[in-house]
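Q: Please take a close look at one strand residue and its surroundings. Then set that spot against the rest of the chain.

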Amino acid sequence: MRAHPAGPLHGGIAPPQAAGAPPTDLGALDPKVWPRSAQRVGGELHLGGRPVTDLARTHGTPLFVLDEQDFRGRAAEFATAFEGADVHYASKAFLCGRVARWVADDGLHLDACSGNELTLALAAGFPPERIALHGNNKSVGELQLAVDAGIGHIVVDSFDEIDRLVPIAAARVEAGSAPVPVLIRATVGIEAHTHEFIATAHEDQKFGFSLATGDALAAAVRVIREPHLQLTGLHSHIGSQIFDTAGFEAAAHRVVGLLGQLRQATGEVLAELNLGGGFGIAYLPEDDPVSPQVIAERLRAVIAAECAAQGLPVPRLAIEPGRAIAGPGTVTLYEVGTIKPVRLGSSGAPGTPLVRNYVSVDGGMSDNIRTALYDASYTCVLANRESDAPPALCRVVGKHCESGDILVRDLWLPSDVQPGDLLAVAATGAYCWSMASNYNYLLKPPVVAVRDGVATEIVRRQRLSDVFALDAVLADLPDPVGADR
Ligand code: LLP
């Protein structure tokens, strides 16, 4: 029989036990999961010194609330742990003008993975020499932009890209500039223990030059022989949301091996090694991420040992954390709209039905696709008040026309949660706003940065007129108001 195209999860209904036992305090804010400034004041969740009811009233819901000190604190912790190395913030996790400026002001580098991320960073005043451009299919226009701006590195991903880049670099060098600095992205054959769609260094996927087939060495040799390109180092990225440093250590071992092969083949000793991002964060209290300090110590140790074994000088290290900087400091606030109890069977106790409450909120898979796409786990709390009502088994769902529109699959919430309450979903700073869509013509939520009792809207709510502006028939409608505002 043919498998259903939706894959093995099709029709799979998680058993109610997936929620685990109810926690003793349903309103608790585990510091591993919640932004550093999160606290309850008189029962209400405060973020950056602001009560959530006030934020929701002023900015509406759904709303991304970003704790500025959490974001910048985590960036600083990576910078300190990796002193002497370059920390590139992987901006695909979440980027806007304000964030680009924080990252620039705090001295970090920036990883852009499209021409438009690069354009945004440059427009915000990010120093080009601290930017690297990624992508498995960079267009001529994107490469031209990167070369014209004089960015720090282009991370070359394919032989076709080398063909495309060479004439652009040649024109630039002929006009008097230095050769264009590039890294070669090597695929090191590590199976990172993460979701298949976000693992990137196994062989059977689209990124980079395979180490095993010799393509990585061939690409490096080719670039070294191109007078208009300057191969400054190698790059490897093994995947995302990885907890175990063993994969990074194995990757480091293999790319240093490639540095050795390259010296043997060409006599060149490359000065830089970028090990990518992918450091995991806690979405649930039971998740156990490794600190930047420990990651740094382990990577340095492996690289030092490998380089010593190969008789190579230790290269300058770079890393590209995205989620680990942006993820934990942001929560999404939603307003509860409807609650539908569904009887699942009996709880075991005679006559006691087991019920799951479908708690529908005013956003959904358009502002957080991760649960639907990766089966990601989140947690959330009742945010506008405390409650000592007994726990009820819940599933937090959005308002999209799709039953897979789930935000938090299985959790316990106080049984008195009602329409009009606010829910806060934790750790939504990475890959939620940046992957948001207008599915069902829902509008992208705003992002508000909070700090020391001050809230600043750093990205405004999308308006219906922003979306209609693309429509041949509706573009000229005078300011459509829509149902939301
Ligand atoms: N460097 C490279 C070359 C990457 O491809 C990525 C992520 C990163 C750094 C940053 O990875 P991070 O430290 O944020 O894990 N949308 C998915 C994640 C896709 C990651 C793509 N590349 C998710 O929501 O989990």
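A: **A strand residue and its setting**

Valine 359 sits in strand β15, which covers residues 353-361. The model is a predicted one. Is valine 359 buried or exposed? Its relative accessible area is 2%. The cut-off for buried is under 20%, so valine 359 counts as buried.

What does valine 359 touch, once neighbours within four places in sequence are set aside? Its contacts include Val336, Thr338 and Ile339. Cys394, Arg395, Val396 and Val397 are also in contact with valine 359. Leu413, Val417 and Leu423 complete the list. One of these partners deserves a second look. The C-alpha atoms of valine 359 and valine 396 are 4.8 Å apart. Along the chain, 37 residues separate valine 359 from valine 396.

How does that fit the chain as a whole? Among contacts with a separation of 6 or more, 70% join residues 24 or more positions apart. Of the 485 residues, 52% count as buried. The protein chain has 12 helices and 21 strands.

Now the overall dimensions. The C-alpha trace spans about 75 × 55 × 55 Å along its principal axes. The radius of gyration is 24 Å. A compact globule of 485 residues would have one near 23 Å, so the chain agrees with that expectation. The accessible surface comes to about 20,900 Å². Carbon and sulfur atoms hold 53% of that surface. As for charge, there are 39 positive and 56 negative side chains. The centres of the two sets lie 2 Å apart.

Aspartate 375 has a relative accessible area of 36%, so it is partly exposed.

Is tyrosine 431 buried or exposed? Tyrosine 431 has 15% relative accessibility, so it counts as buried.

One peptide bond also needs a check. The bond from threonine 61 to proline 62 is cis. Its omega is near -5°. Proline 62 lies in the loop between α1 (52-59) and β4 (63-67).

Back to the starting point. Valine 359 is buried in this predicted model, and its strand is β15. Its contacts include Val396, a residue 37 places away along the chain.

Key:
Residues numbered from 1 in each chain as written. Predicted model: local features only at pLDDT ≥ 70, side-chain atom pairs only at ≥ 80, totals over all residues. Heavy atoms only, no water. Helix = DSSP H or I, 4+ residues; strand = E, 2+ residues; numbered from the N terminus. Rg over C-alpha atoms; globule rule 2.2 N^0.38 Å. Buried < 20%, exposed > 50% of the residue type's maximum accessible area, 1.4 Å probe, protein only. Contact = heavy atoms within 4.5 Å. Areas by Shrake-Rupley, 256 points an atom, 1.4 Å probe, with all protein chains shown as cover. Lys, Arg positive; Asp, Glu negative; His and termini not counted. Charge placed at Lys NZ, Arg CZ, Asp CG, Glu CD.
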